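I opened my notebook and looked through this structure piece by piece. Here is what I looked up, in the order I took it.

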Amino acid sequence: MTFLENIPNDETLDFKIMPSQSIEENQIIHGFVTVIKNAGKPDEQILCKNKHNLLTNAGRDYFHAQCYTNTSAGGIGCNYIALSENSGGANATHTSVAGEISTNGLARAQASTRTHSSGTNTTTLQNTFTASGSFSAVQLSGLLNAGSSGTLGHEATFTSVALVSGDTLQVTWTLTLG
């Protein structure tokens, strides 16, 4: 197994807010992404493990609407995983995944695993993509609320990886909300 990137998660949420202080939402809303090439195979490579991701402005607004202000039944969560070879990085102003891959096994897909246990503050979304073509630099992932178009809720970069037909890429998002 090859491990390429590790971002430690030794951050703590142990703090006090005094009446004259404010807190940024990104200090209490946390999400992490793990990306593995060829998971469970002899040539497995962990591209990033539990890397902190960025909650976009549009995503924050969407979660507020879904959690607090939406008065209509239904609505789908951000559980579609998109991938890209774009090197521009994650940005809170993004509304879509730049250069989103739509072919050769890496097209946007609804997470095959979507788990949340009632009474906890963690949701896990996971999907394994199987490349049916070649890619030179997959390095960006996003979570959206639709199979096409939709709201971009989260976005994260990871170590760039080349894939050939038959390689797999397992993407796991672990999310908490305050």
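**Entry 1**

I began with Asn50, which is found in strand 3. Helices (H or I, at least four residues) and strands (E, at least two) are DSSP runs, numbered from the N terminus. I noted a phi near 50° for Asn50, a positive value in a residue other than glycine. Asn50 counts as partly exposed, at 29% relative accessibility. The terms work like this: buried means under 20% relative accessible area, exposed over 50%, and partly exposed in between (1.4 Å probe, protein chains only).

Then I turned to Ser149, in the loop between strand 9 and strand 10. Ser149 is not a glycine, yet its phi is positive, about 60°. At 59% relative accessibility, Ser149 counts as exposed.

Residues are numbered from 1 along each chain as its sequence is written, and side-chain values use heavy atoms, with hydrogens and water left out.

I checked the pLDDT, which is the predictor's confidence in each residue, from 0 to 100. The chain averages 82, and 76% of the residues score at least 70. Over residues 6-23 the pLDDT is below 50. That stretch has 17 contacts in the model beyond near neighbours in sequence. Contact means heavy atoms within 4.5 Å. Where pLDDT is low, the predicted coordinates should not be read in detail.

**Entry 1: the cores**

Which residues have the most contacts inside the largest nonpolar core? I found Leu83, Val138, Phe158, Leu169, Val171 and Trp173, in a core of 27 residues. A nonpolar core is a set of buried Ala, Val, Leu, Ile, Met, Phe, Trp, Tyr and Cys residues joined through side-chain atoms within 4.5 Å. Among the elements that give two or more residues to this core are strand 2 (29-37), helix 1 (57-69), strand 8 (123-130) and strand 11 (168-177). Another core lies apart from it, of five residues, among them Ala82, Val97, Leu140 and Leu152.

I followed Leu169 of the largest core. Not counting residues up to four places away in sequence, Leu169 touches partners including Val35, Leu47, Leu83, Phe129, Val138 and Phe158.

I also looked at Phe63, which lies in helix 1. Phe63 is buried, with a relative accessible area of 16%. The C-alpha atoms of Phe63 and Gly77 are separated by 8.5 Å, and the two are 14 residues apart along the chain.

I traced an open sheet of five strands in the order 4-10-9-5-6, with antiparallel pairing. Two strands pair if DSSP finds at least two bridges between them. Strand 4 and strand 6 (109-110) are the edge strands, and each pairs on one side only.

How many bridges join strand 9 to strand 10? I counted seven, and these strands run antiparallel. Leu143 has His154 in strand 10 as its bridge partner. Strand 4 (residues 54-55) is joined to strand 10 by two bridges. There Leu54 stands opposite Glu155.

**Entry 2: Ser141**

I stopped at Ser141, in strand 9. Is Ser141 buried or exposed? Ser141 is buried, with a relative accessible area of 0%. Its side chain reaches the backbone oxygen of Ala82 at 3.1 Å. Leaving aside neighbours within four places in sequence, Ser141 is in contact with residues including Ile81, Leu83, His154, Phe158 and Trp173.

**Entry 3: salt bridges**

Side chains of opposite charge can pair when their charged atoms come close. I searched the whole structure and found two salt bridges. A salt bridge is a side-chain nitrogen of Lys or Arg within 4 Å of a carboxyl oxygen of Asp or Glu.

One joins the side chains of Lys37 and Asp167 (3.5 Å, N to O). Lys37 lies in strand 2 and Asp167 in the loop between strand 10 and strand 11, so the pair ties together parts that are 130 residues apart in sequence. Lys37 counts as buried at 13% relative accessibility. Asp167 is buried too, with a relative accessible area of 10%.

Glu100 forms a salt bridge with Arg108, the closest N and O atoms being 2.8 Å apart. Glu100 is partly exposed, with a relative accessible area of 24%, whereas Arg108 counts as buried at 16%.

Notes. Predicted model: local features only at pLDDT ≥ 70, side-chain atom pairs only at ≥ 80, totals over all residues. Polar contact = N/O pair within 3.5 Å; in protein donor to acceptor, adjacent residues only side chain to side chain.
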